[in-house]
Structure formats: structure tokens, C-alpha cells
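Colleague: I have a model open and would like to go through it with you. Could you take my questions as they come?

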Amino acid sequence: MRIEESEDKRACAFPNSIHPALRPLLNATRGQPGLADMSVEQARALIAARTVSRARGPYVDEVRSFSIPATFGEIPLRLYRPDRAVGVAVVFHGGGWLMGSLDSFDATCRHLAVDSGMAIVSVEYRLAPEFTFPAALEDAWTATQWVHAHSEELGVDCSRMVVLGESAGGNLAASVSLLARDSGMSAIKLQVLIYAAVDARLKIDSLRQFDKGYLQSSRDVEYAFRTYGLGSVVSAEDWRISPLLAKSHQGLPPALLISAGLDVVRDDSFAYASCLLEAGVSATHVCYPAMVHTFLSADVQNPSQIR
């Protein structure tokens, strides 16, 4: 077992030490409405506009979009398969469960495929408020099972299977890992949770510490959870929306947690890494002290395109 993080969370975050490449972004967003101040339609239009203006990402040998059957209809997937792929990662985009798509995560998936050498299967799960909890999780789990069962058809190696998600997608990846363990699926060898929100009780210190001036506010997080169904169709104590609160974390796949030092949900990564370690699960937590939420998709040459 190992964890690569400071025991003191204060060592991860220096409020004035924002990465220089991100300062223009934060300056540009001051005074602008946050997620909680927009309609769902406005938020989706904003992410769509940013997607169109973003660089496409690197070439991948095979990129193919298709759909798989589900109880309600179909789930759109997109496969990115580099030549001689060494495994497969099922990935879930961010967007607060209410925005995001295969297209919004396309450039990131291309980079993931090229940099890792793995095949990537991106999942377009149903979004709230049209489809509240547990729709997104049901789609994520259905897609993961389908990829495992159809690996030969996809031409991917499921003996090295990863689930990966960022932000809301990280929440889904954590819950999918729990569902896989409980169902006896042992194929998942690693869960990658990127600035994931894993505790819907929303009591962490970082929600207050970085509430103003760091791109995402605590109101934005509360709004996303509420739109997903928190307080109306699901309680914060349900582990399927709060993976941190699962009765047991024993037997889960090893975890790589990535967090941003200047992020309202940063402390969830500290808490989940500690929880996994206490359960005997190998966990590595890397906290980037000068980063803000969604930095994974940032173009450092054009930080205004951060998602």
C-alpha cells in the first residue's frame, strides 16, 4: 500500500500560487456566472462552444462511434484504439452529471489513448435533470459490463481493464468499481479518479477554502448534486452517490487519485485515498497544488479553453 501525498493538506494548496498559465483564465472568469447561475441549456451551450473551439487532439489509429443496447434504449460509446493497444480503459466525462458528451471529452480521450497506449472507450451516459440518479450510474455500469463481455469484438485486451472518470465522471468510476466488486467482476485492474466528488454530504473544508475565485464554487457543486437528484430521489448517505460511504472498500481495485490543490472538492480525494488505504487497497494520490478544477482538459497554450 502506498499513498503519494502530504499528510498535511495545507502543504498541497497555496491560495496565491495559481499556475501562471491559468491566471488569465481566472481573471477572465471573475464576475462571470458560474454553473449554479446558469440554466442547464446555457451550461450545455457553453461547453459545446468551447468544444468546437478546442484543438482536436492527436491522431489515433482507430476512432469509431457506436451504440450499445440498454433497458431504456441505447448508450452511445466511442472507441479510440491505437495500434497494438495494451489494454482498455472505460472513461466517463465530467460536467456535473448535467452536461458533457462524447464530443466534449474527445480531445482528452485522444490524448489518453496516445499517451497510455491503451484503447479508450468513452461513455455518453444520460444527463440530469432529464434523467436523474441513478441513470448516469446505470449507463456507466452497463457500458463497463458490455465492454468486458465484447472485448474480442472490439479488439481490446480486457485482462488490463481500467475505469477512469473526471469530476462527476470520477464519482461514476468509483461507484462502478464498487458495483464490479460486488458482482464478482475482477477484470478492473485500476480505478483512476480525477478530482472526483465522492461524498454528497458536502462537509469538506475545501468547499469553504476555495469557494471564491477558483473557477468552481461550492454553490456549483451543490447545484450539480441537486440537479442529479440529491435530496429528491437519493440521500447523501447512499453509497452509489457517495462512494466514500460504502460499508466496505475492501477488495476494490488499486486506485490512482488526482486532485487540484485549488479546488473545492480537493479534500474528497484525500478522504477517499485514506479510506482505501485503511481497507487494504493500494492507493496513490497525486495533488497538483497550483491547479484548479477541470485542469485535465486545459490547453496550456490557450487556457481559456479549459473545460
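Colleague: Is histidine 148 buried, exposed or partly exposed?

Modeller: Histidine 148 is partly exposed, its relative accessible area being 34%; buried means under 20%, exposed over 50% and partly exposed in between, with a 1.4 Å probe and protein chains only. Please keep in mind that this is a predicted model, in which local features need pLDDT of at least 70 and side-chain atom pairs count only at pLDDT 80 or more, while totals for chains, interfaces and linings use all residues. Residues are numbered from 1 along each chain as its sequence is written, and side-chain values use heavy atoms, with hydrogens and water left out.

Colleague: Where is histidine 148 found, and what does it touch?

Modeller: Histidine 148 is found in helix H4, residues 135-149 (helices are DSSP runs of H or I with at least four residues, strands are runs of E with at least two, and both are numbered from the N terminus). Not counting residues up to four places away in sequence, histidine 148 touches Cys158, Met161, Met185 and Ala187, where contact means heavy atoms within 4.5 Å.

Colleague: What about phi of serine 167?

Modeller: Phi of serine 167 is near 55°, which is a positive value in a residue other than glycine. Serine 167 sits in the loop between strand E5 (161-166) and H6, and it is buried, with a relative accessible area of 14%.

Colleague: Switching to the core, how many residues does the largest one have?

Modeller: The largest nonpolar core has 103 residues, and Leu77 and Phe92 are among those with the most contacts inside it; such a core is a set of buried Ala, Val, Leu, Ile, Met, Phe, Trp, Tyr and Cys residues joined through side-chain atoms within 4.5 Å. Helix H6 (residues 168-183) gives the most to this core, with eight residues.

Colleague: And what is leucine 77 in contact with?

Modeller: Leaving aside neighbours within four places in sequence, the contacts of leucine 77 include Phe66, Ile68, Leu102, Val121 and Trp146.
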